[in-house]
Amino acid sequence: MAWRYKLRVKNAPVGVEVVESVLEKHEIRMREVMLEEVEDKMRSELTWGVHRIHWEKNREIWNMYKDNKISKKVLDFLMKQKLIDHALLNRWNKPGYERLCSTLVLSKSNTNFGTTGICRVPLRQRHGQIMPNVQTGCVSCASEDKGPIWWNDEVPDRVKEIIRKRSGEFEEDEAHENGEVEEEEVNKDSSDDGDGSEVAGNTESLSNGRLGSESEKEEELVDKNRGNEDVDDGQNEEEQDEDENPSKRRKVSQNSASSLE
């Protein structure tokens, strides 16, 4: 109840009592969230409800200021007393951050890859499964998604359309990939058939070449054996002639001796 004492200080501007009901309402909600059971929740999910209530409280007061229900002095007074998030409201004044869920998602030191939170990326630019930010539970607070979209909100029609388109594109890509795979298999089979015929032709030519060379070698050996047989036959005939005509051999020897004398 410290916020009540801050609203009743001496220098409080006129009209500050208008926001008292708003602060009390969100304080009750904050207590209910803090008393919820945490057994079935993830560790990071414990603070998601706190971030959502914090955003809704600040947004309601911000809208009251935009609708001229409270003055600029009241807004500055609430910022000074730290009853609203000064940094968050200042970000809402900048283009592109009109629906920022929390300043935590802008800190690059809070992510593994040194980037801003995933909820800052528009849904149409995301790939894969759409998940909330781990720190705040915000699915998307990009300006074009008209967020923030929280983890426990009903799926907006815009998100359903994106998911439907993405699933259709996924099916088309899968069908295209299957077609490419089938075409590659057909090409592979045809190339295998061509390679098989080429290999068969090469083996046939090699076998023919080997057979031809072997037949040539056999013919050479046969000719060589025939020549050796002819030489042996001639020598045998000469020896037989010498054995049959010894007188002829004596005459030849005598003639050769007389010629020497």
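**Charged pairs, checked against the cut-offs**

Trainee: Why does Arg52 count as buried?

Mentor: Arg52 has 17% relative accessibility. Buried means under 20%, so Arg52 counts as buried. Bear in mind that this model is predicted.

Trainee: What makes Arg52 and Glu56 a salt bridge?

Mentor: Their side chains meet at 2.9 Å, N to O. The cut-off is within 4 Å, so the pair qualifies.

Trainee: How are Glu56 and Arg52 placed in helix H3?

Mentor: They sit four residues apart in helix H3, which spans residues 48–66. That means a separation of about one helical turn. Glu56 has a relative accessible area of 18%, so Glu56 is buried.

Trainee: Why are Glu27 and Arg31 called a salt bridge?

Mentor: N to O, their side chains meet at 3.5 Å. Four residues, about one helical turn, separate them in helix H2 (residues 20–34).

Trainee: What makes Lys41 and Glu36 a salt bridge?

Mentor: Their closest N and O atoms are 2.7 Å apart. That is within 4 Å, so the pair counts. Lys41, at 29%, is partly exposed. Glu36, at 40%, is partly exposed.

Trainee: How many salt bridges does a search of the whole structure find?

Mentor: Eight.

How values were computed
Residues numbered from 1 in each chain as written. Predicted model: local features only at pLDDT ≥ 70, side-chain atom pairs only at ≥ 80, totals over all residues. Heavy atoms only, no water. Helix = DSSP H or I, 4+ residues; strand = E, 2+ residues; numbered from the N terminus. Buried < 20%, exposed > 50% of the residue type's maximum accessible area, 1.4 Å probe, protein only.
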